[in-house]
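The entries below follow the order in which I checked the pairs.

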Amino acid sequence: MHNHPEAGKVYLVGAGPGDPGLITVRGVDCIARADVVVYDYLASPALLAHARPDAELIYVGKKGGDHTLPQEGINALIVEKARNGAVVARLKGGDPFIFGRGGEEAEVLIAAGIAFEVIPGVTAAIGASAYAGIPLTHRDFTSDVAFVTGHEDPTKTTSSVDWKALATGIGTLVFFMGVKNLPLIAANLVENGRPADTPVAVIRWGTTPHQETVTGTLDSIVEMVRKAGIKAPAIIIVGGVVKLRESMQWFEKRPLLGQRIVVTRARQQASNLVQRLTEAGAECVQCPTIKVVPPADGAPLDRAIADLDQYDWVVFTSVNGVAYFFRRLFEKGLDVRALGHLKTACIGPATAAHLRSFGLGSDIIPTSYRAESVVEAFAATPVAGLKILLPRAKEARSVLPVELTRMGATVDEVTAYETLQAQSDTDALIKRLDAGTIDMVTFTSSSTVTNFHRMLPPDRAHQLMAGVSVASIGPITSQTARDLGYTVTIEAENFTIDGLVKAILHARG
């Protein structure tokens, strides 16, 4: 925990209506500097990726019936954390000051003498209506709009909602949290003078890949919503502007809307693939992330660093190899001068670029990991009788040491880092496969197939994958998948991320 000399501070952050891209730049900044992030079920889990690795993340529930912590408990929690000097980001779905109870939290902070800021967010009214293709105001239809809570029981004798004024005096009405009360809302509006044929839209899970919109009129919408099985969270829009959706809807037309696709991790490729599939409307489930950590047994690396003067060459095979080697070198109180007498080789330009960031050029850069290109690269450099240090991943392939040894070198392989799978992600993925809420798994290399297969319980792998499509980037990857018993349903013609996306869109088109 970072020690803040001053008392803590609370940021009441509007997290937006569901699409993680709709948070403000300022909101992301507050999450990134917080010691404690307090969030509820309406704030997209993807936003937590902006938090510091050492930040404390606290889930406070608030899903219908899942009141993990009542509002008073949440108030007490943020006050206590801030009093202890923490910077707290309180993420609230939508906008804190529009039916977000942010006003109550601010009052509690004022009473406790705690500094706070309010970061507005895109409210569901605006987010869901935009994603449904319904402008809330339009000069041909209306010049006023009202946001109303649909939460209160409209049969109460004294309602804080002025039904008469709403029914006849306002053009567009947006009801929050009102889907349960829809029959009463519709009846009250008609009773108070709003024509029964007024268009109505009900939008569930607005701005997310699960968005679903039902349109009708005040006298038909209740039956249509019942038929479609629409439940909370949903917003209701009443008014002539709803007609514009017929031509203006765009989000729900996206080709992969509602498809739940697992993206197996393959270095930098994953983020590009996630972006492309998300833009086409899919919900991407990132396959268990791989954590890179220092080796469990650091003695061999420490020995190699202590004996650097005995080596002639150091060969780096990955960016992580460079990063973890230097991290340990610096921890030992040494610096880059300790490598001054060594020749260096890096597999690939990214590794060479990372080495250069530490002030060291690379004498040799083989184009790829294939034995041929490594042999080719060293062909003009006699290594017979020389000592080569190879700091790398714990379970690295043996091509390199075998080839260099064949050329007469003495190779010391030392573990510079290990990769571990994040168990919590694995459990969550298996749960989703079990529940049948995954439509497709993508594989971008043979190693992504073997990693994925290793995660599934061996006795249940095929049962869990029943009914799940498999999309592969090319024939070699497909063969690995088939060897492990998977049926490949989609294969890219062009073996790139673009080619894979194209093949998926074509198959789903």
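Entry 1. I began with helix 6 and helix 7, which run roughly antiparallel to each other. The model is a predicted one, and I read the geometry from it as it stands. For helix 6 (residues 182-191) and helix 7 (residues 221-228) I noted a packing angle of about 165 degrees. The axes of helix 6 and helix 7 lie 9 Å apart. I also looked up the hand: helix 6 crosses helix 7 in the right-handed sense.

I then listed who makes the contact. Helix 6 contributes Leu 182, Pro 183 and Ala 186, and helix 7 contributes Ile 221, Val 222 and Val 225. By class, the contact of helix 6 with helix 7 holds six nonpolar residues, no polar and no charged.

Entry 2. Next I took helix 11 (residues 319-331) and helix 12 (residues 349-357), whose axes come within 8 Å. Their crossing angle is roughly 25 degrees. Helix 11 is therefore roughly parallel to helix 12, as angles under 35 degrees are counted that way. I recorded the crossing of helix 11 and helix 12 as right-handed.

On the helix 11 side the contact uses Val 319, Val 322, Ala 323 and Phe 326. Helix 12 answers with Ala 350, Thr 351, His 354 and Leu 355. How do the residues of the contact of helix 11 with helix 12 divide? I noted six nonpolar, two polar and no charged.

Terms used. Residues numbered from 1 in each chain as written. Predicted model: local features only at pLDDT ≥ 70, side-chain atom pairs only at ≥ 80, totals over all residues. Heavy atoms only, no water. Axes fitted to C-alpha atoms, helices over the stretch in contact; angles between N-to-C directions. Helix = DSSP H or I, 4+ residues; strand = E, 2+ residues; numbered from the N terminus. Parallel < 35°, antiparallel > 145°, perpendicular 65-115°, else oblique. Left-handed = near helix turned anticlockwise from the far one by under 90°. Contact = heavy atoms within 4.5 Å. Nonpolar A, V, L, I, M, F, W, Y, C, P; charged D, E, K, R; others polar.
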